[in-house]
Every structure is written in C-alpha cells, then in structure tokens.
Amino acid sequence: MKTVRETLTGLASLAILAFASPVQAQQPQVDAATVDRYVASLWAKVPDAWRQRNTQDETQKICSVTNNQPTDAQAKAITARELAAVKFPADGKVLGDWKKGQQVAQRGSGGQFSDQPDTYRGGNCYACHQLSRQELSYGTLGPSLLEYGKLKDFKPEEAKATFAKIYNAQSQLACSTMPRFGHTGFLTEEQIKDAVAYLFDKDSPVNR
Amino acid sequence: MKGLIAATAMVLTFAVGASAQNAQIDSEKEIERYRAMINDPMANPGYLAVDRGEQLWSLARGTKNASLETCDLGEGPGKLEGAYAKLPRYFADSDRVMDLEQRLLWCMDKVQGLDTKDVVARRFGAPGRESDMEGLVAFIANKSNGMKYEPQLNHPKEKEMLAAGEALFVRRAGQLDFSCSTCHAVPGSRIRLQGLPDFSKPTKDARETMGSWPTYRVSQSQTRTMQHRLWDCYRQMRHPVPEYASDGITALSVYMAKMAEGGEINVPSIKR
C-alpha cells in the first residue's frame, strides 16, 4: 500500500502519468511453449468455457510478447484488424441514455469467477478515468475524460468515434491497456451507447 | 487480547469504508499508525495464525505419525530461520522449484504420509474453517523477520521460473485484456482510490509489498498468503480460478521476489 506522500505525488503527476507508456520491463527470455506449460498449470482444472474465454487472440499475443510496445508494422496490423471488427449500431444511432451510462461507468461488477453468470456487468470506467467533478473516487490508469463531449463540441462524428473507442479501444491505439469492451462481449451494444451518451449528453455530469 | 483485536479491526474497517479522497488519505494515515502499533504480537491477529502454525509444525500426523520438524525448507531439515527469505527455490529431492506452500504439501506427503486433500480444501480460511497452510506459512515466514529477500537464481530451473514469471506478468488475456502489468506497471497510479504498487522492475513498492506478506487482512478477518493475493488479482482480472500451489503461481512469486530483492521481511503484517 502507498504512503500518504506517495498517494499525493500520484495525484500531482496525474496528467503526466496518464499519457506515459505503461511498461518498460525487458522482454521475457523464454519460448512460447514453456510459457504455455506454465499457463496450463495455472488453469489445470478450469471448465472448458473459461479456458476458451481465456485463450489469447492474435492481438493479445502480440501485445503480450512485445510488452505493449508493438513495432509500427504490428501496430498497423492490429488497428486495421480491430477497426474492421467494430460493429456499429444498425440504425447508426450511437447515443443511448446517459443516466444508464452512469451505471456503466460506475459499476465494476460482473464476469469474475466469484460472480453469478447473470451478475450485472459494469464498464468500471471510473476505475481508470476521471469523468465528472462530483465523483472523487476515480483511478489514474487512463486520461481524465472530464467535459469530454463539450471539448469535442458535441460533434456527431466524435460521438461515433467514441463508440468505436469503447467498443474496441485498439481500433484506435494498438495495445492500449483499455479493455475492448464490445469486441470481447463484456458490454452490450446498448451499454456502450449509454456510455457514449454519458460522455456526450449536455445534461450529463461529465459536461456540467 | 480479543477485545484489543476487535477494537483494532473496527477502527480499520471504518477508516477503509469511507470513500471520498480526503477520507482515503486519512484512512491511509490511520492504517500507517496502526501498522506501527500492530507489530505488537499481542495486538496483531496475524500472530494467532503464527501460533497455530507453530503447533501444526510439531504435530504428529499422517500414516507415518510424524511431525513436519524434519521437513527441509531449503536451509536443512527443520531449519526455519531465514528459509522464507530464499523461497521459492530449487529442491534436488523433488527436482522442482517450489514456493513455501508447494514445499509444505510435498513434506506433508513425503515426511508425514498425510493425505493433503483436506489441507488443500481448507487452503483459504473462512469463518469456521481454519487453514493449516495460512498458519504454517505465517509461522515459517515470521522466522525470517528482519532478513532480506534473497532470490535463488543459480539453478537453470530457477532461471526458467523467473523468465516464465515475467512472461506471465505481462500476459494479456480474457474479456478485459488484462495482464498484471495493466495495474502494476505504472508508478504512482491508482484504480479508483486504491494505490497500485509497481512491480514492473525492482522497486520500493515491490520490496515493501513482498516484505509484508503473509498479512492479516482486516477486511477478510484472515491471515492471507501470496497464493490468496494472486487468486484475488486473477479474480479481478476476470481470469479463471488459478490452481493453488501451481507452477504458474510459483513462477509469478519468483518474479515478484526478484523485483523485491533486498526487501526486508516483517510479517505477518496487517492490511485492509
């Protein structure tokens, strides 16, 4: 746990940290087969459904072995692949209900092995982002999204880009540490629309 | 003693329950203050686990009706002082790198002839279910107090463990694409209001963290080991239940011990 001083330092350097590259550690000197053996030991007894859900896709593999520092060519391939996989709403409307979006942003429940399958799944945006002035309990792994819609002049094309960002963060930044909420099916299309509204509605606490 | 423990637990629980930023900083201060006081074995509930572990260490059990007192934790049969500071490490008799829990399970089987199924079933204590492992680890780790982490990395299998542990640390998977490094590689960061220690390189965070496990967790009213902490982080990551005492957990522990090299051990500590 942090000392008080370290916590304060963390607060002060928030702006810098938010944009700093996430990891600098050296690359692991071990072959993939060996790592797989250790992974297999970790999940020796888990049900098949869990095993499948936790099998790496191509993007996760590259981001892992490069420690989130893909080469330019790898990065281009990732953003192209992930962008092609973004499913926009059929009617083209990306703005849902900001009040429900607040739930998506606040709640961090769901999807843990200790949860029921029908436990509400939240996006837990506040875990990593500042979003409104009222909510002081926010994390610093991502940049502040305070006044996000206002700063983008509430432009419809910006809202659409934000839908894509939340649906699949890596469609815009390869190996982003932000989860690909829609791509992996963690959040529904409706929840993502609600989250976009939370960021883009003029009445949302984000913009007030 | 019971009264003092209950009072301490209450203060910590209330302090932690608050959610505004100032309250959090206050509660961190409060916890620091309690941490200083809590090194007193009469007031730290973690020492109840130490006592339990001491009894279990000398208790004759299993088909061989033997105690664990001849178990070799790496420093020679029955030698406890400093053993924890050098774990995980390679053991020639099993030809494996083992952490303390794996080694204890091995000794229960080989030295005591004990069926470890029940011990593993009770690996994490809960109300009405005491954990032998949490007691034994608290007892043994406590015998390294004041000593520094000295990761053992001479044997090729120890080196492989370190490399595998580092690979696991940055390995992204699951529905939220999380790896350990998502949360533990950005210095000074927080998730909500909780400080996130940086283990991506040798850091003060890593030394202080590893030097303070096992710990008495006030929110759970149990003494917990690194096995439980990693179980909890994998849960938050939306990964499946990690296998207890598996080589994967040991690999991560080797990696963490390396990042914590030189960190002073003072356990059982007390945390939220």
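Q: Buried means under 20% relative accessible area, exposed over 50% and partly exposed in between, with a 1.4 Å probe and protein chains only; why is Pro70(A) called buried?

A: In this predicted model, the relative accessible area of Pro70(A) is 18%, which is under the 20% limit, and Pro70(A) therefore counts as buried. The residue is found in the loop between helix 5 (58–65) and helix 6 (72–84) of chain A, where helices (H or I, at least four residues) and strands (E, at least two) are DSSP runs, numbered from the N terminus. Not counting residues up to four places away in sequence, Pro70(A) touches Ala75(A), Ala174(A) and Cys175(A), a contact being heavy atoms within 4.5 Å. Pro70(A) and Ala174(A) are 104 residues apart in sequence, while their C-alpha atoms are 7.5 Å apart in space.

The numbering and lettering work as follows. Residues are numbered from 1 along each chain as its sequence is written, and chains are lettered from A and ligands numbered from 1 in the order in which they are written. Local features need pLDDT of at least 70 and side-chain atom pairs count only at pLDDT 80 or more, whereas totals for chains, interfaces and linings use all residues, and side-chain values use heavy atoms, with hydrogens and water left out.

Q: What makes Gln102(B) count as buried?

A: Its relative accessibility is 4%, and Gln102(B) therefore counts as buried. Gln102(B) lies in helix 4 of chain B and, leaving aside neighbours within four places in sequence, is in contact with Arg96(B), Val97(B), Ala245(B), Ser246(B), Asp247(B) and Thr250(B).

Q: Why is helix 6 (residues 132–142) of chain B described as largely enclosed by the rest of the structure?

A: Eleven of the eleven residues of helix 6 of chain B are buried, so the helix is largely enclosed; among them are Met133(B), Leu136(B) and Phe139(B). The cover includes helix 3 (46–57), helix 4 (100–112), helix 5 (117–121) and strand 6 (222–224) of chain B.

Q: Why are helix 3 of chain B and helix 6 of chain B called roughly perpendicular to each other?

A: Their axes, which are lines fitted to C-alpha atoms over the stretch in contact, with angles running from 0 to 180 degrees between N-to-C directions, come within 7 Å and cross at roughly 95°. Angles under 35 degrees count as roughly parallel, over 145 as roughly antiparallel, 65 to 115 as roughly perpendicular and the rest as oblique, so this pair is roughly perpendicular. The residues of this contact divide into nine nonpolar, three polar and four charged, where Ala, Val, Leu, Ile, Met, Phe, Trp, Tyr, Cys and Pro count as nonpolar, Asp, Glu, Lys and Arg as charged, and the others, Gly among them, as polar.

Q: How do you know that helix 7 of chain A and helix 11 of chain A are roughly perpendicular?

A: Helix 7 (residues 98–106) and helix 11 (residues 189–200) of chain A pack at an angle of about 105°, with their axes 7 Å apart, and the pair is therefore roughly perpendicular. The residues that meet include Trp98(A) and Val104(A) in helix 7 and Ala195(A) and Tyr198(A) in helix 11 of chain A. By class, this contact has six nonpolar, three polar and three charged residues.

Q: What is the average pLDDT of chain B?

A: On pLDDT, the predictor's confidence in each residue from 0 to 100, chain B averages 90, and 86% of its residues score at least 70. Over residues 1–20 of chain B, however, the pLDDT is below 50. The model scores ipTM 0.88 and pTM 0.90.
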